[in-house]
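Biologist: I'd like to go through this model with you and ask what stands behind each label. Could you show it to me?

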Amino acid sequence: MTVGNVFFAVASLVALFGAFMTIASRSPIRSAVGLLITIVGIAALFLMLNAQFLAAIQLIVYAGAVVVLFVFVIMLLGPDAGDGEGTVARARVARYGAGAFFLLLSAAAGHLVSRSGLTPNRFKIAPVTHGSVESIGTFLFGSAVIPFELTTALLIVAVVGAIAVARGKPHVRRQSKSASPTARMFHGPLMARDAQRPLPTKAERAAKAAGGM
Amino acid sequence: MSSLGYFIEHYVVLAGALFTLGSIGFLVRRNVLVQLMSIELMLNAVNLMLVAFNRQHMADQNGQVFAFFIIAVAAAEVAVGLAIVLAFYRLKSSVQSDEADQLRH
């Protein structure tokens, strides 16, 4: 056993544990934490595979942005982000049946791969430049410069689209100009429990603030 | 035993297990947020596979650059997907995927 063996074993077990936690836990915030654990495990495996730049990008983009975005949405939805109760029994059978079928399919694929009889060959010693920032950057700004620049267009379109979809229709927004910032942003009560509760008017808020002091 | 982690097969098996877990989560769960997280799991498994094969064939950096672009596309996909989840929640006050039955006749 060398350090590399232990590193691979620990990182892969961490990644598998996180993946299992993501799909099995009832609370979505625990699923998000499971996704974070998986991402950190895979970043460790990237280090093992001489992909230092990708390991850093994985931590910055996934752990720093994607998981935080998930957590924001879960916090915004509050208790409604969890699993609702009450489902059609036939739909549940279909869902679990599909899951079991896919598990069987993957097991069969793994069995066939293990029987393929190719001679495994050990990784060769990698040159120091493999996966370094310099070599990836040279590739990205050399032969892959057009897809790299197109990525910026993709990201700006995604940002504009996300804002447009999350804000909804503009004419509804114009009507509720006087409501609170939250109501303006979501043009309506975000939580179901707030549906019957009217938003306080400016005079009521002022009276409440005066009473609080 | 001292070969653990130095053969492509180990990474293929691990990525296959992660992809299977992600797809099972996508199929079995009906919470849209957890389904999106399962999609992220599958994308991560594919990234791991690409980087592992690039380690095996070290003539160029194509696999790692592919993984880089997949990460960029996944970030965009999550932003748009979560915006759609918010819009869906405003419509239905729920994030369960079987509530999305507007197109049912």
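Modeller: Gladly, and please keep in mind that this is a predicted model. Along the sequence, chain B reads α-α-α, with three helices and zero strands.

Biologist: What makes chain B more spread out than a compact globule?

Modeller: The radius of gyration of chain B is 18 Å, while the globule rule gives 13 Å for 105 residues; the value is well over the rule, so chain B is more spread out than a compact globule. Along the principal axes, its C-alpha atoms fill a box of roughly 55 × 25 × 25 Å. Of the 105 residues, 53% count as buried.

Biologist: Which parts of chain B touch chain A?

Modeller: The contact takes 65 residues from chain B and 77 residues from chain A. On the chain B side, α1 (8-28), α2 (32-56) and α3 (62-92) each supply at least two residues. The largest share of that side, 21 residues, comes from α3(B). Sorted by class, the side of chain B that touches chain A holds 40 nonpolar, 18 polar and seven charged residues.

Biologist: Why are α2(A) and α2(B) called roughly parallel?

Modeller: Two packed helices are described by the angle between their axes and the distance between the axes. Helix α2 (residues 28-48) of chain A packs against α2(B) at about 5 degrees, with the axes 10 Å apart. Angles under 35 degrees count as roughly parallel, and therefore α2(A) is roughly parallel to α2(B).

Biologist: Which residues meet in that pairing?

Modeller: From α2(A) they include A:P28, A:L35, A:I39, A:I42 and A:F46, and from α2(B) they include B:L33, B:M37, B:L41, B:L48 and B:V51. By class, this contact has 13 nonpolar, three polar and one charged residues.

Biologist: Which residues touch the most other members of the largest nonpolar core?

Modeller: That core has 71 residues, and A:F46, A:L54, B:L18, B:L33, B:L48 and B:V51 touch the most other members. The elements giving two or more residues to this core are α1 (3-24), α2, α3 (52-77), α5 (133-140) and α6 (145-167) of chain A, together with α1, α2 and α3 of chain B. Helix α2(B) gives the most, with 14 residues. As background, nonpolar side chains tend to be buried together in soluble globular proteins.

Biologist: What is B:L33 in contact with, leaving aside its neighbours within four places in sequence?

Modeller: B:L33 is in contact with A:P28, A:F70, A:V73, A:I74 and A:A81 from chain A, and with B:V85 and B:V95 from chain B.

Biologist: How do you know that A:N50 is buried?

Modeller: A residue is buried if 20 or more other C-beta atoms lie within 10 Å of its own. A:N50 has 23 of them within 10 Å, so A:N50 is buried. This residue lies in the loop between α2 and α3 of chain A.

Biologist: And why does B:S93 count as partly exposed?

Modeller: The exposed class needs 12 or fewer neighbours and the buried class 20 or more. B:S93 has 17 C-beta neighbours inside 10 Å, so B:S93 counts as partly exposed. B:S93 is found in the segment after α3 of chain B.

Biologist: What is phi in A:N50 and in B:S93?

Modeller: Most residues other than glycine have a negative phi. Phi of A:N50, however, is near 60 degrees, a positive value in a residue other than glycine. Phi of B:S93 is near 55 degrees, again positive in a residue other than glycine.

Terms used: Residues are numbered from 1 along each chain as its sequence is written. Chains are lettered from A and ligands numbered from 1 in the order in which they are written. This is a predicted model: local features need pLDDT of at least 70, side-chain atom pairs count only at pLDDT 80 or more; totals for chains, interfaces and linings use all residues. Helices (H or I, at least four residues) and strands (E, at least two) are DSSP runs, numbered from the N terminus. The radius of gyration is taken over C-alpha atoms; the globule rule is 2.2 Å times the number of residues to the power 0.38. Two residues are in contact if their C-beta atoms, placed from the backbone, lie within 7 Å. Ala, Val, Leu, Ile, Met, Phe, Trp, Tyr, Cys and Pro count as nonpolar, Asp, Glu, Lys and Arg as charged, and the others, Gly among them, as polar. Axes are lines fitted to C-alpha atoms, for helices over the stretch in contact, and angles run from 0 to 180 degrees between N-to-C directions. Angles under 35 degrees count as roughly parallel, over 145 as roughly antiparallel, 65 to 115 as roughly perpendicular and the rest as oblique. A nonpolar core is a set of buried Ala, Val, Leu, Ile, Met, Phe, Trp, Tyr and Cys residues joined through C-beta atoms within 7 Å.
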